[in-house]
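Visitor: I am new to this structure. Could you show it and take some questions?

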Amino acid sequence: MALSDKQVSLNYADLLQRSRDAFDSGKTRPIEWRIGQLKQLARMLRETSADAVAAVASDLRKNKFETFLTEIDYILEEITHTLAHIKEWSATSKPSKGLANLFDSVEIRNDPYGVVLIIGTWNYPIQISLLPLVGAIAAGNCVIIKPSEMSMATSKYLSENFPKYMDTECYHIVTGGIEKTTELLKQRYDYIFYTGSTTVGKIVRDAANVHLTPVTLELGGKSPVYIDNTVDMTMAAKRIMWGKCVNSGQTCIAPDYILCTPEVQDKFIEEARKILKEWYGENPEMSADLARLISDKHYNRLVNFLNGNGKIAIGGNVNPKEKYISPTILIDVKQTDPIMQEEIFGPILPIININDANEAIKFIKSREKPLALYIFSQNKEIISTFLNKTSSGNALVNDTILHCAVETLPFGGVGHSGIGAYHGKYSYDTFTHKKGCLIRNYNKVAESLSQNRFPPYTDKKLTLLRLLLKKRNIPFMKYLPTLLIFGLGMLTIVIVQAALKEFEYTEERKV
Ligand code: NAD
């Protein structure tokens, strides 16, 4: 029996309350407990990997190779990295302090936010739901995950297996489409982590604003590629075409379009033609290595781009029954063409001709800030001009996609491509409130230093206070209390010795 909206809402409120109770019980606080849950997540991925591969294949016809590379192993590596650093990341840090706090303890504590909502999308249906979860668990939060309804088989795989391995009070998977997500978003969370389109990102942010809930928005956009004539074109074309063909271009950081001169374009097309034949044979549709598009709607949107957007230089073959579009390169594309107005998110790669790097930079800057920027050049000056003059979530020189596999780099957008970043320590920090703590005591010396703040206010007190509060760059400030105590100790010894000498001298004179 289907639940009414009111019942769904009540269920979500109940789920949230149960998660909050679990969080408030302090269960997630011990680091060892979090480590245990991360290990359980890794166990689930290892023991159910065959089911995971089958689920992703059913949703996207993604092959085992890509599912291990971009979903299962990718998350397992993130868990390994997190387990290796969790104690160091969660340790209370002691930042430097000024003269006024010489006798105080100044600390930054890592507080979990509480109950986190993670909303995922379908293109990497396991990775997008579970990768942020790793950081959320490590930081000590309770989590509700809403995978995409578009990748139905994977949602089912997750909701069936997840509760068998993970703590069922703290971690939950909720399935459903837009209506259920809308209901889910009416609840009050302590943090919302959303991955998906910029349009829905705005809806999520509006919902979060009602309760001033902090958000991370991992969005999309058009990621440009610039190529100049200094590159090794065989290598460059392979790296670009792999970025476009992996998951059939349904990757948030897939190269969206190319900016190059007509001369570079000819070389690129020649190489791309050879590479595609080498990788996928005469008829790429027969290859087991190309994923399919997620839905008819998505397929139709992409097929429309094959007409009225320049000329097809390579590919352009389609099969609606299979939701298949062959890897396609379009030339003579104008920046006003429909394909240049939205993120492509499929295996079609348009080329826009420009005259030089400056024109490419101007083009990129005239549009929304991309999630990724790809610069293919061996000219150091050109590379640094791009890096200095453009703004993008991430930038990668002479390759595509691979920056997301560097766990020490923040991954995220800027402007319309997103808010916030994650991966590795950045995930841990995303789900952590950095609580600054000042811990004072009843030390008499400290009190004599700071008592000038109390009324009645006088000019003398103000002068002393300003002297005390003045920021100084003293390199050994950290050691000042120790030095002071050492100094006081030495002074006491000198005074005691002098007093003893004086006593002996008086005694001698008496004798
Ligand atoms: P989608 O349709 O699966 O939507 C994402 C989530 O939002 C789903 O869980 C869905 O239920 C929910 N949703 C959809 N419409 C909603 C609404 N009106 N109200 C509330 N919730 C709603 O995914 P999509 O939007 O097609 O995702 C593709 C986009 O995601 C692309 O733009 C891509 O670039 C981006 N993306 C970004 C990253 C990243 O890390 N930055 C990763 C993957 C995908």
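Visitor: How many bridges join strand 3 to strand 4?

Guide: This is a predicted model. Strand 3 covers residues 142-146, and strand 4 covers residues 171-173. The two run parallel, and the number of bridges joining them is three.

Visitor: Which residue in strand 4 is the bridge partner of Val 143?

Guide: Strand 3 and strand 4 are joined by bridges. In strand 4, the partner of Val 143 is Tyr 171.

Visitor: Which are the edge strands of the open sheet?

Guide: Six strands form the sheet with mixed pairing, in the order 4-3-2-5-6-16. An edge strand here pairs on one side only. The edge strands are therefore strand 4 and strand 16 (418-419).

Visitor: Which helix lies across strand 3 and strand 4?

Guide: The helix spans residues 152-165 and runs at about 155° to strand 4. It is helix 6.

Visitor: Is helix 4 roughly parallel or roughly antiparallel to helix 5?

Guide: Helix 4 (residues 64-90) and helix 5 (residues 127-138) pack with their axes 10 Å apart, at an angle of about 10°. Angles under 35 degrees count as roughly parallel. Helix 4 is therefore, relative to helix 5, roughly parallel.

Visitor: Where do the buried residues of helix 16 lie, seen down the helix axis?

Guide: The buried residues of helix 16 (residues 459-469) are Lys 461, Leu 465 and Leu 468. Seen down the axis, they fall within an arc of 60°, so they line one face of the helix. On the other side, exposed residues include Asp 459 and Arg 466. The buried residues thus lie on one face, and they pack against helix 15 (444-450).

Technical notes. Residues are numbered from 1 along each chain as its sequence is written. This is a predicted model: local features need pLDDT of at least 70, side-chain atom pairs count only at pLDDT 80 or more; totals for chains, interfaces and linings use all residues. Side-chain values use heavy atoms; hydrogens and water are left out. Buried means under 20% relative accessible area, exposed over 50%, partly exposed in between (1.4 Å probe, protein chains only). Helices (H or I, at least four residues) and strands (E, at least two) are DSSP runs, numbered from the N terminus. The arc is that of the directions from the helix axis to the C-beta atoms. Contact means heavy atoms within 4.5 Å. Axes are lines fitted to C-alpha atoms, for helices over the stretch in contact, and angles run from 0 to 180 degrees between N-to-C directions. Angles under 35 degrees count as roughly parallel, over 145 as roughly antiparallel, 65 to 115 as roughly perpendicular and the rest as oblique.
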